[in-house]
Amino acid sequence: MTPQEFYTRLEEAGFPLSPKQKEQFDTYFKLLINWNTKINLTAITEENEVYLKHFYDSIAPILQGFLSNEPIKLLDIGAGAGFPSLPMKIIFPDLEVTIIDSLNKRITFLNLLAEELKLDKVAFFHGRAEDFGQNKTFRAQFDVVTARAVARMQVLSELTIPFLKVGGKLIALKAQAADQELEEAKMALSLLFGKVIDNHHYQLPNGDSRYITVVEKKKETANKFPRKAGLPNKKPL
C-alpha cells in the first residue's frame, strides 16, 4: 500500500486527510525507520508495508466504526512504536491518548515522535501494566483501552479491564480468530466483569484476515486485580 493508496482508501471511507495529516504520517514513517536502527521497534521497514501493516492496520477501530473523534480518554497497552493509538490520534486529534510500555527506550522514541508530529493530549509512561493498574491515577480512569497483538485474551483482560471506567470498552486488535481465545478467557472475563459485545472480522486490502474483539466493563474490578507483574502471564485466570 503506497502512501497515496493509503490516502485514497481513507478518503473513500469518509476520512480525507489534510496536508498536515499526510505530513504527520510521512514524518512518522521516517522517524520509525531512523530509530529502528538504534532500538528494535519493528521488523516491518519497507514503506508500503509500514503503511499497510502498521498505519492502515492500526486505524481499523476507526474504519470499522468502533471509535469517533471525541475527547475520550484512550489508553494503549504495550503500544511499542505507538500502534494502534498514534495513527488513530493523527486522524482523530480529539482523542486523549495515554501509552504505557515496559521499555523505556520506546518511551523516549514516543516522546520525540509526539514532539515532531506536534501531537497534544498525549502522555507516555514507562512501566508494567500490572503496576499501573493498581495506581489510583490510572485505575478505572479510561473510556477505551486498546491493545494490538499484545497477549491472548485470557491474559489481556487482566492487563486492561482494571483501567476502564464501568461501561468502558477494551478494543483488542487480533490477527487470528479470537473464538478459541474467548472460550479460554471465560473465567477471566467473568472475574473481571467484562462482557464480549462484538467479535468483528474484516480484511486488510491485501486480503489478510483481522479481528476486533470488543469487551465492555460491566462492574468495578475487584481490588486484587491486576495481580503482581508477571503473574497474569505465568498463571492466567
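Residues are numbered from 1 along each chain as its sequence is written, and side-chain values use heavy atoms, with hydrogens and water left out. In this predicted model, local features need pLDDT of at least 70 and side-chain atom pairs count only at pLDDT 80 or more, while totals for chains, interfaces and linings use all residues.

Q: How are helices α1 and α3 oriented to each other?
A: Helix α1 covers residues 3–12 and helix α3 residues 47–58; helices are DSSP runs of H or I with at least four residues, numbered from the N terminus. Their axes, lines fitted to C-alpha atoms over the stretch in contact, come within 9 Å and cross at roughly 30°. Angles run from 0 to 180 degrees between N-to-C directions, and those under 35 degrees count as roughly parallel. The two helices α1 and α3 are therefore roughly parallel.

Q: Which residues of α3 make the contact with α1?
A: Contact means heavy atoms within 4.5 Å. From α1, Pro3, Phe6, Tyr7 and Arg9 take part. The α3 side consists of Glu47, Asn48, Tyr51, Phe55 and Tyr56.

Q: How are α2 and α3 oriented to each other?
A: The axes of α2 and α3 come within 11 Å and cross at roughly 110°. An angle of 65 to 115 degrees counts as roughly perpendicular. Hence α2 and α3 are roughly perpendicular.

Q: Which residues of α3 meet α2?
A: On the α2 side, the residues are Phe25, Asp26, Tyr28, Phe29 and Leu32. Their partners in α3 are Glu47, Val50, Tyr51, His54 and Phe55.

Q: What span do the end C-alpha atoms of α2 have?
A: The expected span of a helix is 1.5 Å times one less than its number of residues. For the 18 residues of α2 this should give 26 Å. The end C-alpha atoms agree with that, at 26 Å apart.

Q: What covers the buried residues of α2?
A: Buried means under 20% relative accessible area, with a 1.4 Å probe and protein chains only. In α2 the buried residues include Phe25, Tyr28, Phe29, Leu32 and Trp35. The cover includes α1, α3, α5 and α6 (104–117).

Q: Is the pair of Tyr28 and Phe83 stacked or edge-to-face?
A: Rings of Phe, Tyr and Trp (its six-membered ring) pair if their centres lie within 6.5 Å; planes under 30 degrees apart count as stacked and over 60 as edge-to-face. Tyr28 is in helix α2 (residues 19–36) and Phe83 in the loop between β1 (73–77) and α5 (85–91), so the pair ties together parts that are 55 residues apart in sequence. Both residues, Tyr28 and Phe83, are buried. Their centres are 5.5 Å apart and their planes at 10°, so the pair is stacked.

Q: What angle lies between the planes of Tyr51 and Phe55?
A: Tyr51 and Phe55 are four residues apart in helix α3, and so are separated by about one helical turn. Tyr51 is buried at 0% relative accessibility, and Phe55 is buried at 0% too. Their pair is edge-to-face, 4.9 Å centre to centre, with the planes at 85°.

Q: Which residues are linked into a cluster by ring pairs?
A: The structure holds 17 aromatic pairs. Ring pairs link the following into a cluster: Phe6, Tyr7, Phe25, Tyr28, Phe29, Tyr51, Phe55, Tyr56 and Phe83.

Q: What is the relative accessible area of Glu216?
A: Glu216 is found in strand β7 (residues 209–217). Leaving out residues up to four places away in sequence, Glu216 touches Gly167, Gly168, Lys169, Phe193, Gly194, Lys195 and Ile197. Glu216 is buried, its relative accessible area being 17%.

Note on methods. Angles under 35 degrees count as roughly parallel, over 145 as roughly antiparallel, 65 to 115 as roughly perpendicular and the rest as oblique. Buried means under 20% relative accessible area, exposed over 50%, partly exposed in between (1.4 Å probe, protein chains only).
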